[in-house]
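Dear colleague,

Please find below the structure that I am handing over to you. My findings follow directly after it.

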Amino acid sequence: MTYLMSILADFKKFALRGNMIDLAIGFTVGAAFTTVVKSLVNDIIMPPIGWITGNADFSDLFWVLHVPETATVPEAGFKTLEAAQEAGAVTINYGMFLNTCFSLVIVAFAMFLIIRAVNRVDEELDERFGEPKPSEEPSDKKCDFCRSTIPFRAIRCPQCTSELKVPTVSETGKPAERPAT
């Protein structure tokens, strides 16, 4: 019994973790966004495209693979996918596939625009309020006396205790060249 309680406690900790709740919210918003995009494709974008191409609706584009012997096929063939499916015909619904592909492209483009906007806002906030960009200054250098690795700005070697020259740094943040002696 205690083993079961331990599993339930671990599951509760896992399920109520902040990341898990964020993920659930993301999926819910994603599902709602998908519904909106599907409506955009089927109700706004596809009717004009269908009108231009001479088809009323892409979702009615299909190929009949097989019609049962008991079904009667109209002389001009099935006019709609619904009629073919009611007759029991096996169909390839390439029009619905095209609608789904258009939905994918629209969702991908919308996500691209959202991520691009968020990245731009993030960069702008970093420029205004964030830490300055890291310089090209190296993090380490070699001690001139014992050759051990020490921090670049160190003025005394922690290994041999030698006093070191303060490194000069150019305006670009790179170490300045030492003059030839």
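Which element gives the most to the lining of the second largest pocket? In this predicted model, the answer is helix H4, with six residues.

The second largest pocket

The space in this pocket amounts to about 220 Å³. Its lining consists of Thr-34, Val-37, Lys-38, Asn-42, Ser-59, Met-96, Asn-99, Thr-100, Ser-103, Leu-104 and Val-107. By class, six of these residues are polar, four are nonpolar and one is charged. Two helices, H2 (18–53) and H4 (94–129), each supply at least two residues of the lining.

Helix H4

H4 comprises 36 residues. From its first C-alpha to its last it reaches 52 Å, close to the 52 Å expected at 1.5 Å a residue. The buried residues of H4 include Asn-99 and Ser-103, and both of these also line the second largest pocket. Gly-95 and Ile-106 are likewise buried in this helix.

The chain as a whole

The chain holds four helices and four strands, and from the N terminus on its elements run α-α-β-α-β-α-β-β. Of its 181 residues, 16% are buried. The exposed surface comes to about 14,700 Å², of which carbon and sulfur atoms supply 63%. Among contacts with a separation of 6 or more, 37% join residues 24 or more positions apart.

Ser-139 is placed in the loop between H4 and strand S3 (140–142). Is this residue buried or exposed? Ser-139 counts as exposed because its relative accessibility is 57%, and the cut-off for that class is over 50%. Leaving aside neighbours within four places in sequence, Ser-139 is in contact with Ile-150, Pro-151 and Phe-152. Its C-alpha atom is separated by 8.2 Å from that of Arg-153, which stands 14 residues apart from Ser-139 along the chain.

Backbone angles to note

Most residues other than glycine have a negative phi.

With kind regards

Notes:
Residues are numbered from 1 along each chain as its sequence is written. This is a predicted model: local features need pLDDT of at least 70, side-chain atom pairs count only at pLDDT 80 or more; totals for chains, interfaces and linings use all residues. Side-chain values use heavy atoms; hydrogens and water are left out. Buried means under 20% relative accessible area, exposed over 50%, partly exposed in between (1.4 Å probe, protein chains only). Contact means heavy atoms within 4.5 Å. Accessible areas come from the Shrake-Rupley method with a 1.4 Å probe; for residues, only the protein chains shown count as cover. On a 1 Å grid over the protein atoms alone, a cavity is a set of points where a 1.4 Å probe fits but cannot get out, and a pocket is an open set with protein on both sides within 12 Å along at least five of seven lines; lining residues have an atom within 4 Å of a point. Grid points are joined across faces, edges and corners, and a volume is the space filled by probe spheres set on the points. Ala, Val, Leu, Ile, Met, Phe, Trp, Tyr, Cys and Pro count as nonpolar, Asp, Glu, Lys and Arg as charged, and the others, Gly among them, as polar. The expected span of a helix is 1.5 Å times one less than its number of residues.
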